[in-house]
Amino acid sequence: MVAEVTVPMNFGRHLLNSPTHSNITLRTSEGGEVRASSVIMSFNSPVIGHMTGDLHMTSVDLLEFSREAVGLFVDAAYSGTAENITREIFRDLNKISHVFEVTWLTEKCLEFFKDLAESVTTPSYPDLLYLFDEGAF
């Protein structure tokens, strides 16, 4: 189990995709890749900590997710914020944060969804489909 550590916001962000410091590759749909530091990712995710620390993995296949969604996940881990969640990327980001047990990001996704649901005053059919589909995540 990885010890809980508080990382300053934007810690190491300038090292994203660095060939020296980015020692884990997250493979995305359509052959995309996002590189990151396993240390910084482990601060946010006990699952990634286990994968890289105990299992010595250097790559993870996230082939059902777009490069954009995985990039936002990594950016959130580095920055400590999740400001760029959109309707289009919410579902993927929420799934990724659940799989990797990033509780603070899961909570941000829930806040986003609640705010979105509350903002729909007179829902259209597409709004209802979106809310019920996303609510089933």
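**Reading salt bridges and a helix pair**

E64 is exposed, at 56% relative accessibility.

Colleague: What does E64 form with K95?

Modeller: Bear in mind that this is a predicted model. Side chains of opposite charge can pair when their charged atoms come close. Here E64 and K95 form a salt bridge, with the closest N and O atoms 3.6 Å apart. The pair joins distant parts of the chain. K95 sits in helix α4 (residues 87-99), E64 in the loop between β3 and α3, and 31 residues separate them.

Colleague: Is K95 buried, exposed or partly exposed?

Modeller: Partly exposed, because its relative accessible area is 28%, between the 20% and 50% cut-offs.

Colleague: How many salt bridges are there in the count?

Modeller: The count is 2. R27 and D61 also meet through their side chains, at 3.1 Å from N to O. R27 lies in strand β1 and D61 in strand β3, 34 residues apart. R27 is partly exposed at 32% relative accessibility. D61 is partly exposed too, at 48%.

Colleague: Now the helices. At what angle do α4 and α5 pack?

Modeller: At about 150°, with the axes 9 Å apart. Angles over 145 degrees count as roughly antiparallel, so α4 and α5 are roughly antiparallel to each other. The crossing is left-handed.

Colleague: Which residues make the contact?

Modeller: From α4, they include F90, L93 and H98. From α5, they include L105, C109 and F113. The contact residues divide into 7 nonpolar, 4 polar and 1 charged.

Definitions and conventions: Residues numbered from 1 in each chain as written. Predicted model: local features only at pLDDT ≥ 70, side-chain atom pairs only at ≥ 80, totals over all residues. Heavy atoms only, no water. Salt bridge = Lys/Arg side-chain N within 4 Å of Asp/Glu carboxyl O. Helix = DSSP H or I, 4+ residues; strand = E, 2+ residues; numbered from the N terminus. Buried < 20%, exposed > 50% of the residue type's maximum accessible area, 1.4 Å probe, protein only. Axes fitted to C-alpha atoms, helices over the stretch in contact; angles between N-to-C directions. Parallel < 35°, antiparallel > 145°, perpendicular 65-115°, else oblique. Left-handed = near helix turned anticlockwise from the far one by under 90°. Contact = heavy atoms within 4.5 Å. Nonpolar A, V, L, I, M, F, W, Y, C, P; charged D, E, K, R; others polar.
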